[in-house]
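Dear colleague,

Please find below the structure that I am handing over to you.

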Amino acid sequence: MKKRILLCTAIVLLLISMTGCKSKKEEVKLKSEKEIVQYASKEYGKAKYISKESGTNLIKYTLQDNEYKFNYECTSSITQLCIDGSCAESYFETTTCNFDDSYQNYILDTLNLDNIYKNFYQNYPNNSGSKEFIFAVNYENEEEAKKSVGSIAKRVTDIDTRKYFSNYYIALYDNNNTYFGVYNITTNKYISRYDAAVDSMTHAF
């Protein structure tokens with residue numbers, strides 16, 4: 001128990017030194033308009049400032065992607081340092097953005113597909129392993145899915161010129177929500193649910 005306390009204390013001290021923690025919320029500096037644009041442009045691609053909304057311990061910025069003209073939000077907020085359920089009187093700035101979701105929505109709107117599996121994120125299988133999905137689509141059967149999904153993946157890569165979603169997959173289902181497998185956007189390779197399960201177990205091992 002004593003060793004654990006000492007370890008937690010050491011971690012807290014290390015994080016304080018790394019994050020530049022302050023002992024009071026008022027001492028934490030939130031990102032300015034210029035700083036948030038610089039941050040977003042570095043992380044996601046060039047962007048411009050649209051508007052901001054200030055709240056308790058945070059500033060929420062609306063930005064616009066220069067290339068595709070869709071809007072997304074970045075929030076600069078004050079966060080309390082907490083480890084293992086214990087919080088210290090130390091505070092630091094964190095920045096979060098919903099760029100991924102906004103970019104995915106932009107791609108979906110551009111594709112305008114009529115076979116999107118809308119309940120995917122509530123129902124996708126646990127055997128997906130470490131894969132990340134851009135979206136899921138429905139087909140009548142597996143053969144049709146394997147035959148048709150490649151053209152959708154090609155359209156995604158044509159839109160995503162910055163290759164932001166290059167390591168993502170498209171999940172495939174039938175109209176009864178039966179899971180077929182996944183399609184790798186970059187390699188143009190179909191992986192059945194059985195092979196995906198083996199891959200997941202290998203990854204877990």
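A disulfide is a pair of cysteine sulfur atoms within 2.5 Å. By this rule, the count is one disulfide: Cys 74 is joined to Cys 97, with an S to S distance of 2.0 Å. The link of Cys 74 and Cys 97 is right-handed, with 110° about the S-S bond. Cys 74 belongs to strand β3 (residues 71-83) and Cys 97 to strand β4 (residues 86-97), so the pair ties together parts that are 23 residues apart in sequence. Helices (H or I, at least four residues) and strands (E, at least two) are DSSP runs, numbered from the N terminus.

This is a predicted model, in which local features need pLDDT of at least 70 and side-chain atom pairs count only at pLDDT 80 or more, while totals for chains, interfaces and linings use all residues. Residues are numbered from 1 along each chain as its sequence is written, and side-chain values use heavy atoms, with hydrogens and water left out.

The pLDDT is the predictor's confidence in each residue, from 0 to 100. Its mean over the chain is 83, and 77% of the residues reach 70 or more. Confidence is lowest in helix α1 (residues 2-19), at a mean of 44, and highest in strand β2 (residues 58-65), at 98.

Buried means under 20% relative accessible area, exposed over 50%, and partly exposed in between (1.4 Å probe, protein chains only). Cys 74 counts as buried because its relative accessibility is 0%, whereas Cys 97, at 22%, is partly exposed.

Yours sincerely
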